[in-house]
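Thanks for coming, everyone. Please bring up the sequence and the model, and we'll walk through them together.

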Amino acid sequence: MRVPLEQIIEGCKRGNRRAQRQLYERFAPAMYALCRRYVRDEQVAEDLVAEGFYKALTRLDQYEGSGNFEGWLRRIFVNEALMYLRKQRMRWQSPDEVPASELSDRPAAESQLAAAEILALLDELPPGYRTVFNLYAIEGFKHREIADLLGISINTSKSQLLLARKKLQELLAKRYGYER
């Protein structure tokens, strides 16, 4: 029988190790996948998962029980991944010239790709492209939010997304042998 999430959370708040393990086992695979989308190195992703769960468990009193717990948890893990990338002094690859007309918010390439294909190809993207693509296309952030989170301009966010889309299209064309 699966223990209700509310019961696990309450056990974690009381410091119950069994409840902490249940929380970890329930969410670790999804949080690892989230971290892995941001970083190439599997060991780093595992470290981010450990750090994320430590932060979640020590800040569990901040979760008020309203809203989606997994969304609250995901936010912690996204922030962990972003903090790691900042510490690595991730460099933003700026395009020579990207016409403003190409920097729109409309979904394009990512809406046409299957999720499994995207995840398989993300490792081949430069860190800046991968980070913005994850935040925008997968996590659902807007460019203004991405700019604030990463300390970049909105146009840099838009150009990174545009370049990520183009790179993904090139990778798919190369991998599956079709012309764009």
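At what angle do the axes of helix α2 and α4 cross, and within what distance do they come? One caution before I answer: this is a predicted model.

Now the answer. Helix α2 covers residues 17-38. Its axis and the axis of α4 cross at roughly 40° and come within 10 Å. An angle under 35 degrees would count as roughly parallel, and 65 to 115 as roughly perpendicular. So α2 and α4 are oblique to each other. The crossing of α2 past α4 is right-handed.

Who makes the contact? On the α2 side, look for L23, F27, A30, M31, L34, C35, R37 and Y38. On the α4 side they meet F69, E70, L73, R74, F77, V78, A81, L82 and L85.

Stay on α2 for a moment. Q20 lies in this helix. Is Q20 buried or exposed? Q20 is buried, because its relative accessible area is 17%, and the cut-off for buried is under 20%. Leaving aside residues up to four places away in sequence, Q20 touches C12, G15 and L57.

Next, the aromatics. Searching the whole structure gives six aromatic pairs. Take F53 and F77. Their ring centres are 5.1 Å apart and their planes stand at 70°, so this pair is edge-to-face. F53 sits in helix α3, residues 42-58, while F77 sits in helix α4, residues 69-87. The pair therefore ties together parts that are 24 residues apart in sequence. F53 is buried, at 4% relative accessible area. F77 is buried too, at 0%.

Now to α8 and α9. Helix α8 runs over residues 143-150. Its axis and that of α9 are 8 Å apart, at an angle of about 105°. That makes α8 and α9 roughly perpendicular to each other. From α8, the contact uses H143, R144, I146 and A147. From α9, it uses I154, S157, K158 and L161.

How many residues does α9 have? It has 23, residues 154-176. From first C-alpha to last, α9 reaches 33 Å, close to the 33 Å expected at 1.5 Å a residue. After α9 comes G177, with a positive phi near 65°.

That's my tour. Over to you.

Methods: Residues are numbered from 1 along each chain as its sequence is written. This is a predicted model: local features need pLDDT of at least 70, side-chain atom pairs count only at pLDDT 80 or more; totals for chains, interfaces and linings use all residues. Side-chain values use heavy atoms; hydrogens and water are left out. Rings of Phe, Tyr and Trp (its six-membered ring) pair if their centres lie within 6.5 Å; planes under 30 degrees apart count as stacked, over 60 as edge-to-face and the rest as tilted. Helices (H or I, at least four residues) and strands (E, at least two) are DSSP runs, numbered from the N terminus. Buried means under 20% relative accessible area, exposed over 50%, partly exposed in between (1.4 Å probe, protein chains only). The expected span of a helix is 1.5 Å times one less than its number of residues. Axes are lines fitted to C-alpha atoms, for helices over the stretch in contact, and angles run from 0 to 180 degrees between N-to-C directions. Angles under 35 degrees count as roughly parallel, over 145 as roughly antiparallel, 65 to 115 as roughly perpendicular and the rest as oblique. A crossing is left-handed if the near helix is turned anticlockwise from the far one by less than a right angle, and right-handed if clockwise. Contact means heavy atoms within 4.5 Å.
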